[in-house]
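Grab a pencil and work through these exercises with the model open beside you. Try each task before you read its solution.

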Amino acid sequence: MSPASPDATSASTTRRLLVLAICCMSLLIVSLDNTALNVALPSLQRDLNASVSGLRWTLDAYTVVIASLLMLSGSTADRVGRRRVFQTGLVLFTGGSLLCALAPGLGWLVVFRALQAVGGSMLNPVAMSIITNTFVEPRERARAIGVWGGVVGLSMAAGPLLGGALVASVSWRAIFWLNIPIGLAALLLTALFVPESRAPQPRRLDLGGQLLVMATLGTLTFAIIEGRNAGWTSPLILGCFGAGACAAAVLPLYERRRPEPLVEFRFFRSVPFSGAALTAVTSFAALTGFLFLSTLHLQNDRGLSAFEAGLHLLPMAAMTAVFAPLSGHLVAVRGARLPLLLAGVFMTASGVLFALFDAERTDMLLFTAYVLFGIGFGLVNAPITNAAVSGMPRSRSGLAASIASTSRQVGSALGVAVIGAAVAAGSDVTAWWILTGCGAAVLLLALLTTGPRARAGADRVASCLPPEPADASPASPG
């Protein structure tokens, strides 16, 4: 067979980059929504007369639902078509945003946020699966994932500023209006340019596993959020903790008996994969807790407007935007170990400045702590995603990416729930020490799960997985 002509190669490269850009648009609207909403929390609290617990539910209603459905969405996309599920997610997320913008009260807002999450569960992991099946060369894929991580940084940079400007000039509702034109544009471009693809041997629906995942995440998050209000020793809270623990214990036993489980626990025999999942939980718990604490401090304690709070958070977000693509390059050239080690060091140093040196006292310390955290979080995302999909059969890429995304959302839910509980108890210092511990955990996991012995173990696990069949040819994009 004759080699492809330069024009054909250029066209193929352009097409891949266009698919990457379209997938990044879905990440942008989801990330912008969350980061901008954090800045809007005090305004939302005043407008809807919400408690701290109510504020946490506006965030965690989204994260709990999306975490519960991510793996189902990923396996469904592998089965019925990635483009089809991605388009469905865009429709639901955009429609949910419209309803959130029109919500008459806090209860309705929480319900509509949950609807947003149903759509969101079909976006990021499915988009990552599309990227994985588009960029098949390892270094090219690592750089694409670095761009993906850079979009997270861009949303962090733009989210607080944009959210603050919208709150100051219109209201918190404008944050949800913003999602609508971006979502519609992504929907149109997907129909025009993203090819359909699916796994050649799709997995069957695992309803029991799905219900156990939802029971685990829902009951534990509810108990953490409502524990202080209802009483930590109340029958309701103890019952939720007990139900969550039982569901978590039964899940692996049930899934091991399934020929095609929702949660593929064999993946977790790979030390790098397990390390990536735990790193995702701890790093995203640190991120959401950090944003929650910082927003309340800047607006409630310092009396800043939403826009001014966004400006104060800009150094952190800008560093994330700069170092996320750099992390993708480091992963492509040096592997995951170096960026993860650096991420742990910088995130821990930031937490120490807050917990031990009270960085909120002076602008200089606050600026330094924000910069350090931004660098650390910018470095952490690309190696997480790369570890999740590298070495796994491409036919399982949707499931592998979904597990990584679920880990991020679990961390996000736990971060808001645990840090919010510490704030409600009047202990900001404890909250900052928790975030410091998250950074230290990232550093420790990098040391334990990214060495040569861990990589060799990952190769052995990959060799034990069923052989990958020849992938189905993608359909035409029309």
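Predicted model: local features only at pLDDT ≥ 70, side-chain atom pairs only at ≥ 80, totals over all residues.

Residues are numbered from 1 along each chain as its sequence is written, and side-chain values use heavy atoms, with hydrogens and water left out.

**Exercise 1. The overview**

Task: Find how many helices and strands the protein chain has, and what share of its residues is buried.

Solution: Start with the helices and strands, which are DSSP runs (H or I, at least four residues, for helices; E, at least two, for strands) numbered from the N terminus. The protein chain has 16 helices and 0 strands. Next comes burial: buried means under 20% relative accessible area, exposed over 50%, and partly exposed in between (1.4 Å probe, protein chains only). Of the 478 residues in the protein chain, 57% are buried. Last, look at contacts, meaning heavy atoms within 4.5 Å. Among contacts with a separation of 6 or more, 84% join residues 24 or more positions apart.

**Exercise 2. Helix length and sides**

Solution: Now list the buried residues of H4: Leu 109, Phe 112, Arg 113, Gln 116, Ala 117, Gly 119 and Gly 120.

**Exercise 3. Buried or partly exposed?**

Task: Sort Thr 94, Ser 274 and Leu 187 by their relative accessible area.

Solution: Thr 94, in helix H3 (residues 82-101), has 9%, so it's buried. Leaving aside neighbours within four places in sequence, Thr 94 is in contact with Ile 180, Gly 183 and Leu 184. Ser 274, in helix H10 (residues 271-301), has 17%, so it counts as buried. Leu 187, in helix H7 (residues 173-193), has 24%, so it's partly exposed. Not counting residues up to four places away in sequence, Leu 187 touches Gln 87, Leu 90 and Val 91.

**Exercise 4. Two helices meet**

Task: Describe how H3 packs against helix H5 (residues 124-134).

Solution: First, the geometry: the angle is about 150 degrees and the axes are 9 Å apart. Here axes are lines fitted to C-alpha atoms, for helices over the stretch in contact, and angles run from 0 to 180 degrees between N-to-C directions. Then find the residues that meet: Arg 82, Val 85 and Phe 86 in H3, against Val 126, Ala 127, Ser 129, Ile 130 and Asn 133 in H5.

**Exercise 5. The cores**

Task: Find which residues have the most contacts inside the largest nonpolar core.

Solution: A nonpolar core is a set of buried Ala, Val, Leu, Ile, Met, Phe, Trp, Tyr and Cys residues joined through side-chain atoms within 4.5 Å. The largest has 67 residues, and those with the most contacts inside it are Leu 109, Trp 172, Phe 290, Phe 354, Tyr 370 and Phe 373. A second, separate core of 38 residues includes Tyr 62, Leu 70, Val 85 and Ile 130.
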